[in-house]
Amino acid sequence: MRFSSPAQILCWLILPLLLLAPFSSQAGQPLRMGVLQIEDVVPFYLAEQQGFFQEQGIDVELVPFLSALERDSALTAEAIDGAINDPIGAILFDRGRSLLRITSLGLGQTPAEGPFAILVAPRSTIKTVEDLKGVEIGVSRATIIEYVTERLLRSSGFAPGEIRTIDVKKMPIRMQMLLSGSIQAATLPEPLASIAVGGGARLLISDAQAEQSLSQTVIVFRSTVLGQRRADVAAFFRGYRRAVEALNERPEDYRELFVTIGRIPADLASRYPIPRYPLPEPFSRELYEPVIGWLAERQLAPPLAYETMVSTDFLGPRQDQ
């Protein structure tokens, strides 16, 4: 190849640096990941514990939060770079402002992963799912809980007008109201559903019984982080992948960690099923479309195109290595 001018030579010298710039690591700065104390984030902690992030040359700081509200406040303040979330929460946080992108599926590739269940109170006269028509079900409105509740009941033949809910934001309070009979039914995730069953509640239907996954968690990153620290994000996911592989290969080796992070009660600790975690992969269009359709139908969010909310190239230029 011949260069006809000094300017062309300069361009060819600079071009590789420009191409690499978006993928360069910000040395010395940890990648701060917001986590909730749920079983979905066990691979985060396993990667930290086993040094899988360090193997990939990335310093990851896990920042625990007690609630989604606290996590979202930290995202807004740019105090964390990414977080565990669910697709409903991620879209409602963003609302088309390009603040964050969904980068990977967490749990929920299959119905058996991270299921939610509708349960009835210990002495309730409700016997079947059909009996839930017109009954107030405790949920947290405009969340993945309400989304799963509606999809479960619609798939059971309920008309929209036959589904009634009552807003009880805090899950432990919702479970206690169910066990005390203050509400006749409630939707709970695991392990609270199992705890409620241990307290006398009866499980009527779970999305683990559905033909397709209805509930998922996702890993999100702020859009500016994806733009400026792509190499770090790619390194994070390589470490995360190593943790998922180790966990799936020898789940019982990590039961103590799983029980601690997932806050599994002592009486369930030895037999609580450890799910098989999916390898990191883009959140699929098949899973995205029902979620955005549900949000748009309720005018909770604009009908955002898949490409505006989901990043499918987070592994960066080294994904094949």
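## Aromatic pairs

Across the whole structure, a search finds 11 aromatic pairs, meaning rings of Phe, Tyr and Trp (its six-membered ring) with centres within 6.5 Å. Take Phe 221 and Phe 237: their ring centres are 6.0 Å apart and their planes meet at 65°, so this pair is edge-to-face (over 60 degrees; under 30 is stacked and the rest tilted). The pair links distant parts of the chain, with Phe 221 in strand β10 (residues 218-222) and Phe 237 in helix α10, 16 residues apart. Helices (H or I, at least four residues) and strands (E, at least two) are DSSP runs, numbered from the N terminus.

Phe 221 is buried, at a relative accessible area of 0%, and Phe 237 is buried too, at 1%. Buried means under 20% relative accessible area (1.4 Å probe, protein chains only).

## A predicted model

This is a predicted model: local features need pLDDT of at least 70 and side-chain atom pairs pLDDT 80 or more, while totals for chains, interfaces and linings use all residues. Residues are numbered from 1 along each chain as its sequence is written, and side-chain values use heavy atoms, leaving out hydrogens and water.

## A cluster and a charge

One aromatic cluster is formed by Phe 44, Phe 53, Phe 221, Phe 236, Phe 237 and Tyr 240. Elsewhere on our tour, Lys 133 lies over the face of Phe 158, 5.5 Å from the ring centre (for Lys, NZ within 6 Å of the centre and within 35 degrees of the ring normal).

Conventions: Buried means under 20% relative accessible area, exposed over 50%, partly exposed in between (1.4 Å probe, protein chains only).
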